[in-house]
Each structure stands twice: as structure tokens, then as C-alpha cells.
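Please read it alongside the sequence and the model.

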Amino acid sequence: GIIIGVASVVIMVSVVQGQNKKQMEYLEAMGDNKISVYAYQRYETSGSVSGLLYEYCLGMQDLVVGVTPQIEVWQEITIKYGAKTFNTQNWDDWEKRISLKLGSDQFGVCNNYTLGGGRELSFLDIEKTNQVCVLGGGAKTLLFDFVDPVGETIFINNQPFLVVGWYEPTGVEGMSDMDNVVLLPYTFNRTLNNNEQIRQYVVKARSASATTLAIAKLKAFLGGFITEDNGFYDVSSNNNWADQMQQQSLMQSLVLGAIAGISLLVGGIGIMNIMLVTVTERTREIGIRKAIGAERKSIIVQFLIEAAVICGIGGIIGIGLGCMGSLIAGKFLLQGMILWPSMVITVGAFTFSVVLGVLFGLYPAIKASSLQPVDALRAE
């Protein structure tokens with residue numbers, strides 16, 4: 001019972017922590033202090049949301065680094081280079097699916113991409129709808145392998161686009177969709193996206209404190225011309241998501257740890273029963289010890305040490321099995337992630353198992369110490 005209980009606690013808590021780490025890596029790759037804005041108007045009476053938001057963010061340069069529309073083209077698009085052809089609707093092979101993104105000259109900084117070569121989109125590229133593109137690290141590898149793509153031409157729906165730059169891979173395992181991107185000026189929204197109204201934007205703040213203030217200002221600004229009658233808006237930050245994930249992870253760890261702890265409780269009750277049987281079987285031994293002068297506390301300590309040692313050995317074996325189980329769980333449940341229990345979990349599980357042994361061994365120990373020598377010596 002102790003072995004299974006400790007192993008269960010270690011594995012369950014480790015999996016939750018590993019899952020949380022995976023989610024935090026994804027958020028970190030997306031970028032800290034990143035504000036997501038969703039806004040649209042049914043009737044644009046005071047100008048487009050894109051233009052108004054861009055101008056407003058320009059006036060908040062003390063708080064904001066950049067702003068960009070965040071558009072993904074969901075239409076079926078073919079992307080070609082030489083003999084290689086990729087399709088944006090290739091959902092069967094996720095690792096080889098390239099997505100087409102539309103953004104501004106500040107797309108890279110807003111989404112935490114690092115330029116690996118060439119340049120970003122420019123303001124003139126956006127204004128003149130130049131047929132240029134920037135490749136994500138994954139798209140660069142899929143199209144060009146290890147060749148520098150800057151200056152090369154790819155074909156998007158048979159239209160030539162000059163590659164002017166490329167981003168370094170984000171390095172988030174299992175998140176190829178962040179790297180397998182081709183970025184075009186957002187003014188191609190008219191031709192490639194059926195001129196759908198732009199509704200999603202990303203604003204990059206300078207710091208965590210600036211993020212909070214920028215969110216408040218953006219909400220007030222959008223609320224000034226978007227009402228329930230003519231549209232909708234929402235402003236949120238991935239900083240908040242990170243905090244929520246941490247809280248959810250803590251709650252999951254506590255709940256799953258408590259569920260696994262039931263096995264420990266069952267194991268402790270089993271040990272108490274075994275120790276009670278042991279007291280009965282060793283009644284004569286206890287009588288002899290007390291008859292030659294053993295104090296009551298000596299009998300209690302003897303039985304408590306035995307119970308603690310049994311639980312301690314069970315705890316050590318359980319930790320070993322828990323470590324093995326965590327590695328297996330990481331491989332199959334978290335995409336090959338090396339999941340190793342933290343020292344806090346292992347030490348805590350071992351300590352809890354020993355304490356459990358002491359607690360459940362206390363009653364048998366007291367019962368043994370209470371035996372009368374004369375009665376104990378008569379026992380067979």
C-alpha cells in the first residue's frame with residue numbers, strides 16, 4: 001500500500017508539473033507582455049478599427065513596443081518552391097502543414113520572433129502591398145532545407161513572392177505551428193482572405209506593469225466607439241493566462257495528490273493491522289522484556305521504529321517506481337518530455353510515508369507497552 005501510494009503521488013504530481021511546464025514554454029515562446037485584442041464593428045462609422053488602433057498605439061510608445069493585425073488565411077492556399085509543394089489545408093500531416101499569416105511590419109516583435117536573416121516587413125511593403133514574405137524557422141526548413149532563402153522567390157497560389165527575411169525557430173517542442181508560417185503584408189487580406197474584416201490584433205507592451213496599464217487604456221479607447229449595439233471587443237494578456245495556469249496546476253496537484261494519498265491511507269491502515277497482529281504474536285517477548293526491567297517507553301519506541309522502517313522502505317521503493325513511472329508518462333503523455341520528479345516531491349513523499357508509519361504504529365505500540373508482565377508471560 002505504501003509503495004503504490006508513494007509512486008502514485010510522485011507520478012501524478014510530476015505529470016501535472018510537466019504539463020504546466022509545457023504550457024509555460026508555449027506562452028514564453030509566444031512572448032511575455034503580449035496583449036491580445038479582439039475587436040470588430042458592424043458599421044464602421046468612425047474609421048476602421050485597424051487604423052484607429054494603430055494610431056492610438058503610436059501615441060502610447062512609452063507603454064507599447066508595437067501593434068499588428070493577427071490574421072491567419074483559412075482558405076486553401078498552395079505554397080511552392082521548386083519541386084516542393086505545400087498546402088495550408090494539410091491537416092493529416094501536422095508537421096508539414098504551412099500556415100499563411102498576415103501582419104504588419106511589427107509582427108515579429110509582437111509575437112516574440114527573432115530575425116535570423118534578411119529583414120522584417122517594412123511600412124512600404126504594407127502600404128504598397130509588395131509581394132514579399134518572411135518565413136518562420138519551420139517553413140524555411142521545409143522549403144529550403146539549410147539554404148539561406150533571402151532573395152529567393154516562392155509561389156503562393158502561383159503568384160511570385162520574394163523572400164526578404166526569416167525567423168529563428170522558437171524551439172518549443174511539439175508546437176510546429178508556431179514555426180511553420182509564411183508572413184505576408186496584411187494588405188493581402190483583400191485578395192487572399194476574401195477581404196474578411198480584421199478582428200484580431202496583438203499589442204506588445206514594454207513590461208508587466210506597462211501591460212496592465214496598456215490593457216486598461218485599450219479597453220477605455222475601444223469602449224469609446226464600440227458599443228453592444230454596433231460591435232464587440234475584448235482585451236486580455238498572456239500574463240493573466242500564465243497566472244491562471246499556475247493556479248490551475250496547483251489545484252490539480254493538490255486534488256490528484258489527495259486522490260493518490262488515499263492509497264497511502266489504506267497502506268497505513270494495513271500497517272496498523274499488521275502491527276496489531278505482531279503485538280499479539282510477540283506478547284511473550286514483550287512480557288520477558290518488561291519482566292527484566294524494560295520501561296514502557298522502550299516498548300513504544302521499539303514498535304514505532306519498526307513501523308517507521310517498514311513505511312520508510314516502502315517509501316524508498318515507491319519513489320523509485322514513481323521516478324520510472326514519471327519518465328514513462330513523460331514519454332507517452334507529454335511528447336517525449338523528460339519528466340523527473342522534483343526534490344520537494346520525493347522528500348515530501350518519503351517523509352509523509354515515515355510519518356504515516358509512526359502515526360499508524362502508535363496505537364499498536366501503546367497497546368504493547370500496556371501489557372502486564374504476568375499476563376504476557378502466560379501467553380503462548
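Thr346 is part of helix α11; helices (H or I, at least four residues) and strands (E, at least two) are DSSP runs numbered from the N terminus. The model is predicted, with local features needing pLDDT of at least 70 and side-chain atom pairs counting only at pLDDT 80 or more, while totals for chains, interfaces and linings use all residues. Residues are numbered from 1 along each chain as its sequence is written, and side-chain values use heavy atoms, with hydrogens and water left out.

- Thr346 counts as buried because its relative accessibility is 12% (buried is under 20% relative accessible area, exposed over 50%, partly exposed in between, with a 1.4 Å probe and protein chains only).
- Apart from neighbours within four places in sequence, Thr346 is in contact with Ile319 and Pro341 (contact means heavy atoms within 4.5 Å).
- Between the C-alpha atoms of Thr346 and Ile313 there are 13 Å, and the two residues are 33 residues apart along the chain.

**Helices α10 and α11**

- Helix α10 (residues 296-333) packs against helix α11 (residues 343-369) at an angle of about 150°, and their axes are 7 Å apart (axes are lines fitted to C-alpha atoms, for helices over the stretch in contact, and angles run from 0 to 180 degrees between N-to-C directions).
- The angle therefore makes α10 roughly antiparallel to α11 (under 35 degrees is roughly parallel, over 145 roughly antiparallel, 65 to 115 roughly perpendicular and the rest oblique).
- In the contact of α10 with α11, the residues divide into 17 nonpolar, seven polar and one charged (Ala, Val, Leu, Ile, Met, Phe, Trp, Tyr, Cys and Pro count as nonpolar, Asp, Glu, Lys and Arg as charged, and the others, Gly among them, as polar).

**The four-stranded sheet**

- Four strands form an open sheet in the order β2-β12-β1-β13, with antiparallel pairing (two strands pair if DSSP finds at least two bridges between them).
- At the edges are β2 (64-69) and β13 (231-237), each pairing on one side only.
- On average, neighbouring strands of this sheet are turned by 15° against each other, direction ignored.
- Five bridges join β2 and strand β12 (residues 200-205) in the antiparallel sense, and the bridge partner of Val64 in β12 is Ala205.
- Helix α7 (residues 208-223) packs on the sheet and touches β1 (34-41), β2, β12 and β13. The direction of α7 makes about 175° with that of β13.

**Ser50**

- Ser50 lies in helix α2 (residues 49-58) and counts as buried at 17% relative accessibility.
- Apart from neighbours within four places in sequence, Ser50 is in contact with Ile198 and Tyr201.
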